[in-house]
Amino acid sequence: MSSSDELPIGQLVRKESVHSRVYTDKKIFDREMEEIFRQGWVFVGHASEVPKKGNFIRRTMGLEEVLMVRTMDDDISVLANRCAHRGNLLCQHKKGKKRNFACEYHGWVFDFKGNLIDVPFSDGFKGELADHATTAAKVSNYRGFVFATFNTDPIPLEEHLGRARFALDRASDLAPGGELDLYGGWVEHAFKSNWKMLAENNVDGYHVSFVHDSFAKGIKVNYKYENVLVTDEDKLECVARDLGDGHAEIDYEPTYEKPLVWLGVDPDRYPEYSEAMAKAYGAEESQEIMRKGPPHTYIFPNLFIAETAVTMVQPTGVGGVVNWHTPLYLKGAPEAVNRRILRQCEAALGPSAFLLADDATISERQWAELENSPAWLDLSRGADREEVEEGGTITSHYTDESHNRGYWQHYAKVFNEADARAADDKKNAVEAAE
């Protein structure tokens, strides 16, 4: 039998286990950047971050620097932040407003679609402007969430989102205006771990009572997470779900008996918000929306709707990742509601928060221990008590690893399909040569 070093990536994932090499192998990381972050759909930002024509922000798709910009046609483009001349950084500013992008090295000027429109000292320029565009990604937008891919023939975004679309709907519907307004800016935390460790941890219910013990001790009675901190396994009401296609969630809704429990307040705390929601959705539907609250859903590969925060996972290397988060501000909601959402973000994910520092420490310890390990890691918890819902969603106990198994099966599928395409291309090339 081949050693793990000789196995294709897809074979490093079994039904109920995964090999540690998928976290630590630089060659695997490089393939992930191509197959997942270049050829697949990646969350780049929210439309509200570039509200006016000419507004732009800098982001990454894997390790690729990109610019997300509101064009003069009021569309959104995503461009490689790289001059087509000599490969210099096209724009060094994190965000702002421009009429075009001019490279600071030799002054080549590009429009917001990536087209080269001007070259200084043009008498010495050879060729056509049209032949020197900077790379533009394909872009698609769902409920204001902007995704991009460098794949020239991707599947439709809604197909990629699959059953996870509900999470973007559920978050957006909490706003009287029907969409988010992410005007608060982002906080970035660097982890010394592999990016997939964050993705797994975001929807892992098993660790909460152990890793976040200080959170459990400091939490006030009847706070929204009270149920998940009980010690009797059969009394936990939240559930874990494998949504398919690498997406997963922990659903806290079963513990929300009244509107705004998810915000940690009584239902009558913000009457102006309730009135605005009733006006937008009707009295009955608005009450149900406010009871359900936001999702706790991970969308493959890099987006996490963490209840009152939107989170991005940005790989920086095989052993490095940055966790970005911003408050889930609701368009049309009273300022007091969005201020409360900000405070929830600070408590969970801020620099001195309960949760993120704990998760960073655990992930970094895990990475350090696995770096030279030949181990297969167990993912079998709860495999015998899963339930398949209509549509194919797999639901299990809050502490089970159904969503982890689903995540890794999708991960393996990505590489198995890529390897199959490469083999077909090689075969076709050989046949053509003959």
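This report describes the overall build of one protein chain and then a few of its residues.

## The chain as a whole

The model is predicted, and its chain has 12 helices and 21 strands. For a chain of 434 residues, a compact globule would have a radius of gyration near 22 Å, and the value found here, 23 Å, agrees with that expectation. Taken along the principal axes, the box filled by the C-alpha atoms is roughly 75 × 60 × 40 Å.

## Surface and charge

Of the 434 residues in the chain, 53% are buried. The chain exposes about 20,400 Å², and carbon and sulfur atoms supply 47% of that area. As for charge, there are 50 positive and 71 negative side chains, and the centres of these two sets lie 5 Å apart.

Asn338, by contrast, is part of helix H10, which covers residues 335–349, and is buried, with a relative accessible area of 4%. Apart from neighbours within four places in sequence, Asn338 is in contact with Tyr183, Tyr329, Leu330 and Ala333.

How many disulfides does the chain have? The count comes to 0. Cys91 is in no disulfide, and the nearest cysteine sulfur, which belongs to Cys103, is 10 Å away. A disulfide needs two cysteine sulfur atoms within 2.5 Å, and for Cys238 the closest cysteine sulfur, in Cys345, is 19 Å away, so the two are too far apart for a bond.

## Backbone points to look at

Most residues other than glycine have a negative phi, and most peptide bonds are trans. Against that background, a few places in the backbone deserve a careful look. A cis peptide bond joins Phe300 and Pro301, with omega at about 5 degrees, and Pro301 has its place in the loop between strand E15 (296–299) and strand E16 (303–306).

Two further residues, neither of them a glycine, have a positive phi: Arg143, at about 55 degrees, and Asp245, at about 60 degrees. Arg143 lies in the loop between strand E10 (138–142) and strand E11 (145–149), while Asp245 is found in the loop between E13 and strand E14 (247–251). With a relative accessibility of 28%, Arg143 counts as partly exposed, and Asp245, at 33%, also counts as partly exposed.

Definitions and conventions:
Residues numbered from 1 in each chain as written. Predicted model: local features only at pLDDT ≥ 70, side-chain atom pairs only at ≥ 80, totals over all residues. Heavy atoms only, no water. Helix = DSSP H or I, 4+ residues; strand = E, 2+ residues; numbered from the N terminus. Rg over C-alpha atoms; globule rule 2.2 N^0.38 Å. Buried < 20%, exposed > 50% of the residue type's maximum accessible area, 1.4 Å probe, protein only. Areas by Shrake-Rupley, 256 points an atom, 1.4 Å probe, with all protein chains shown as cover. Lys, Arg positive; Asp, Glu negative; His and termini not counted. Charge placed at Lys NZ, Arg CZ, Asp CG, Glu CD. Contact = heavy atoms within 4.5 Å.
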